[in-house]
Amino acid sequence: MAKRERQPKPYPHRCPECGDVAVFPETIDYTSTFKYEGRQHHFVAPSVTLNKCRTCGATILTNRALGQVAEAFRVYANLLTAREMRDELHHLGLTQKEFAGQIGVAPETVTRWLKHVQIQARALDKFVRIFFKSPEIREELRRMQHDGNTPADPAPGRQGTSVDSSQAKEPDSRARQLTAGH
Ligand SMILES: [Zn+2]
(Lines give C-alpha, C1' and ligand atoms only; values in the text may rest on other atoms or scores of the structure.)
Protein backbone atom coordinates (compact mmCIF):
# COMPACT_ATOMS: atom_id res chain seq x y z
CA MET A 1 0.00 0.00 0.00
CA ALA A 2 1.32 3.39 -0.89
CA LYS A 3 1.68 5.68 2.04
CA ARG A 4 -0.37 8.81 1.60
CA GLU A 5 2.27 11.15 2.80
CA ARG A 6 2.03 14.50 1.16
CA GLN A 7 5.13 15.28 -0.82
CA PRO A 8 5.97 18.96 -0.98
CA LYS A 9 5.36 20.22 -4.48
CA PRO A 10 8.60 20.98 -6.32
CA TYR A 11 9.37 24.62 -7.10
CA PRO A 12 8.52 26.75 -8.93
CA HIS A 13 4.78 26.77 -8.13
CA ARG A 14 2.10 28.45 -10.15
CA CYS A 15 1.22 31.91 -8.87
CA PRO A 16 -2.42 32.23 -7.73
CA GLU A 17 -2.33 35.92 -8.67
CA CYS A 18 -0.80 36.12 -12.15
CA GLY A 19 -0.72 32.47 -13.16
CA ASP A 20 2.98 32.35 -13.97
CA VAL A 21 4.93 29.36 -12.81
CA ALA A 22 7.34 31.60 -11.00
CA VAL A 23 6.76 31.11 -7.28
CA PHE A 24 9.89 30.37 -5.27
CA PRO A 25 10.63 30.25 -1.55
CA GLU A 26 12.17 33.38 -0.19
CA THR A 27 13.26 34.46 3.27
CA ILE A 28 12.34 38.04 4.09
CA ASP A 29 11.49 40.34 6.97
CA TYR A 30 7.73 40.19 6.77
CA THR A 31 5.65 43.17 7.83
CA SER A 32 2.42 41.94 9.30
CA THR A 33 -0.72 43.14 10.98
CA PHE A 34 -1.82 40.99 13.82
CA LYS A 35 -5.00 41.31 15.81
CA TYR A 36 -4.57 40.35 19.43
CA GLU A 37 -7.04 40.94 22.25
CA GLY A 38 -8.97 43.54 20.32
CA ARG A 39 -6.01 45.57 19.11
CA GLN A 40 -4.24 45.67 15.76
CA HIS A 41 -0.48 45.38 15.94
CA HIS A 42 1.83 46.24 13.12
CA PHE A 43 5.13 44.53 13.46
CA VAL A 44 7.95 43.01 11.48
CA ALA A 45 8.52 39.27 11.67
CA PRO A 46 12.18 38.74 10.89
CA SER A 47 13.42 36.03 8.51
CA VAL A 48 10.13 34.49 7.44
CA THR A 49 10.42 31.90 4.71
CA LEU A 50 7.41 32.27 2.44
CA ASN A 51 6.58 31.74 -1.20
CA LYS A 52 6.99 34.67 -3.53
CA CYS A 53 6.15 35.16 -7.19
CA ARG A 54 9.08 36.50 -9.19
CA THR A 55 6.76 37.87 -11.85
CA CYS A 56 4.19 39.88 -9.91
CA GLY A 57 5.68 39.91 -6.40
CA ALA A 58 2.70 38.23 -4.74
CA THR A 59 3.57 36.57 -1.43
CA ILE A 60 1.96 33.35 -0.25
CA LEU A 61 2.19 32.45 3.41
CA THR A 62 2.76 28.75 3.93
CA ASN A 63 1.82 27.05 7.20
CA ARG A 64 5.45 27.19 8.17
CA ALA A 65 5.54 30.92 7.45
CA LEU A 66 2.37 31.48 9.49
CA GLY A 67 4.03 29.65 12.38
CA GLN A 68 7.09 31.88 12.06
CA VAL A 69 4.91 35.00 12.05
CA ALA A 70 2.96 33.81 15.10
CA GLU A 71 6.18 33.02 16.95
CA ALA A 72 7.62 36.42 16.03
CA PHE A 73 4.45 38.09 17.27
CA ARG A 74 4.86 36.40 20.64
CA VAL A 75 8.39 37.73 20.91
CA TYR A 76 7.17 41.19 19.86
CA ALA A 77 4.28 41.12 22.37
CA ASN A 78 6.40 39.62 25.14
CA LEU A 79 4.41 36.39 25.33
CA LEU A 80 5.78 32.90 25.87
CA THR A 81 6.71 31.40 22.51
CA ALA A 82 5.62 27.94 21.47
CA ARG A 83 9.24 26.88 21.62
CA GLU A 84 9.59 28.15 25.18
CA MET A 85 6.45 26.28 26.22
CA ARG A 86 7.65 23.09 24.56
CA ASP A 87 11.04 23.41 26.25
CA GLU A 88 9.46 24.01 29.66
CA LEU A 89 7.11 21.03 29.32
CA HIS A 90 10.04 18.86 28.28
CA HIS A 91 12.07 20.16 31.20
CA LEU A 92 9.24 19.42 33.67
CA GLY A 93 8.54 16.02 32.10
CA LEU A 94 4.93 16.93 31.45
CA THR A 95 2.87 15.83 28.47
CA GLN A 96 0.67 18.40 26.75
CA LYS A 97 -2.35 16.59 28.14
CA GLU A 98 -1.10 16.63 31.73
CA PHE A 99 -0.22 20.29 31.41
CA ALA A 100 -3.67 21.09 30.03
CA GLY A 101 -5.36 19.16 32.86
CA GLN A 102 -3.37 20.93 35.54
CA ILE A 103 -3.94 24.48 34.30
CA GLY A 104 -7.56 23.71 33.42
CA VAL A 105 -7.72 24.16 29.65
CA ALA A 106 -8.72 21.68 26.97
CA PRO A 107 -5.83 19.60 25.55
CA GLU A 108 -6.76 20.96 22.12
CA THR A 109 -6.07 24.48 23.36
CA VAL A 110 -2.50 23.55 24.29
CA THR A 111 -2.09 21.85 20.92
CA ARG A 112 -3.25 25.01 19.17
CA TRP A 113 -0.81 27.12 21.17
CA LEU A 114 2.09 24.86 20.32
CA LYS A 115 1.13 24.61 16.67
CA HIS A 116 0.90 28.38 16.40
CA VAL A 117 -2.74 28.29 15.37
CA GLN A 118 -3.72 30.23 18.46
CA ILE A 119 -1.95 32.86 20.54
CA GLN A 120 -2.56 32.48 24.25
CA ALA A 121 -4.46 35.25 26.02
CA ARG A 122 -2.36 37.60 28.12
CA ALA A 123 -3.89 36.46 31.40
CA LEU A 124 -3.21 32.81 30.58
CA ASP A 125 0.30 33.70 29.51
CA LYS A 126 0.97 35.17 32.94
CA PHE A 127 -0.59 32.17 34.63
CA VAL A 128 1.45 29.72 32.55
CA ARG A 129 4.65 31.61 33.38
CA ILE A 130 3.89 31.30 37.09
CA PHE A 131 3.04 27.63 36.59
CA PHE A 132 6.42 27.01 34.98
CA LYS A 133 8.28 28.99 37.63
CA SER A 134 6.75 27.74 40.83
CA PRO A 135 6.84 24.14 42.07
CA GLU A 136 4.39 25.14 44.82
CA ILE A 137 1.84 26.37 42.31
CA ARG A 138 2.19 23.18 40.26
CA GLU A 139 1.78 21.07 43.38
CA GLU A 140 -1.29 23.06 44.42
CA LEU A 141 -2.86 22.70 40.99
CA ARG A 142 -2.18 18.96 40.98
CA ARG A 143 -3.94 18.72 44.31
CA MET A 144 -6.89 20.73 43.01
CA GLN A 145 -7.09 18.40 40.05
CA HIS A 146 -7.11 15.29 42.26
CA ASP A 147 -9.74 16.75 44.54
CA GLY A 148 -11.98 17.50 41.61
CA ASN A 149 -11.29 21.22 41.93
CA THR A 150 -12.60 21.51 45.48
CA PRO A 151 -9.46 22.31 47.44
CA ALA A 152 -11.45 24.19 50.06
CA ASP A 153 -13.01 20.94 51.29
CA PRO A 154 -10.38 19.44 53.62
CA ALA A 155 -11.68 15.88 53.51
CA PRO A 156 -14.26 15.23 50.84
CA GLY A 157 -16.34 12.17 51.58
CA ARG A 158 -15.55 11.99 55.27
CA GLN A 159 -18.78 13.56 56.46
CA GLY A 160 -20.54 12.31 53.40
CA THR A 161 -21.62 9.04 51.98
CA SER A 162 -19.63 6.37 53.81
CA VAL A 163 -20.64 7.27 57.37
CA ASP A 164 -24.27 7.85 56.62
CA SER A 165 -24.70 4.65 54.66
CA SER A 166 -24.98 1.08 55.91
CA GLN A 167 -21.24 0.75 56.47
CA ALA A 168 -21.26 2.15 60.01
CA LYS A 169 -24.37 1.29 62.02
CA GLU A 170 -23.18 2.12 65.51
CA PRO A 171 -21.12 5.20 64.96
CA ASP A 172 -23.85 6.42 62.71
CA SER A 173 -25.90 8.14 65.36
CA ARG A 174 -22.87 9.54 67.07
CA ALA A 175 -21.56 10.85 63.82
CA ARG A 176 -24.90 12.39 63.08
CA GLN A 177 -25.03 14.07 66.45
CA LEU A 178 -21.53 15.35 66.10
CA THR A 179 -22.10 16.86 62.74
CA ALA A 180 -25.62 18.01 63.55
CA GLY A 181 -24.47 19.66 66.76
CA HIS A 182 -22.35 22.19 64.91
ZN1 LIG B 1 2.52 36.19 -9.81
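So, how many of the 182 residues of the chain count as buried, in percent? It's 11%, where buried takes 20 or more other C-beta atoms, placed from the backbone, within 10 Å of a residue's own.

Quick housekeeping. This is a predicted model, where local features need pLDDT of at least 70, side-chain atom pairs count only at pLDDT 80 or more, and totals for chains, interfaces and linings use all residues. Residues are numbered from 1 along each chain as its sequence is written.

Okay, the layout. We've got eight helices and four strands, taken as DSSP runs (H or I, at least four residues, for helices; E, at least two, for strands) and numbered from the N terminus. Going from the N terminus, the order is β-β-β-β-α-α-α-α-α-α-α-α.

Now look at α3, residues 96-103. Its axis comes within 8 Å of the axis of α4, residues 107-114, and they cross at roughly 120°. Axes are lines fitted to C-alpha atoms over the stretch in contact, with angles from 0 to 180 degrees between N-to-C directions. So α3 and α4 are oblique to each other; under 35 degrees is roughly parallel, over 145 roughly antiparallel, 65 to 115 roughly perpendicular, and the rest oblique. On the α3 side, the contact residues include Phe-99 and Ala-100, and on α4 they include Val-110 and Leu-114; contact means C-beta atoms, placed from the backbone, within 7 Å.

α3 also packs against α6, residues 135-146, at about 80° with the axes 8 Å apart. That makes α3 roughly perpendicular to α6. Here Gly-101, Gln-102 and Ile-103 of α3 meet Arg-138, Leu-141, Arg-142 and Gln-145 of α6.

How values were computed:
Two residues are in contact if their C-beta atoms, placed from the backbone, lie within 7 Å. A residue is buried if 20 or more other C-beta atoms lie within 10 Å of its own, exposed if 12 or fewer, and partly exposed in between; C-beta atoms are placed from the backbone.
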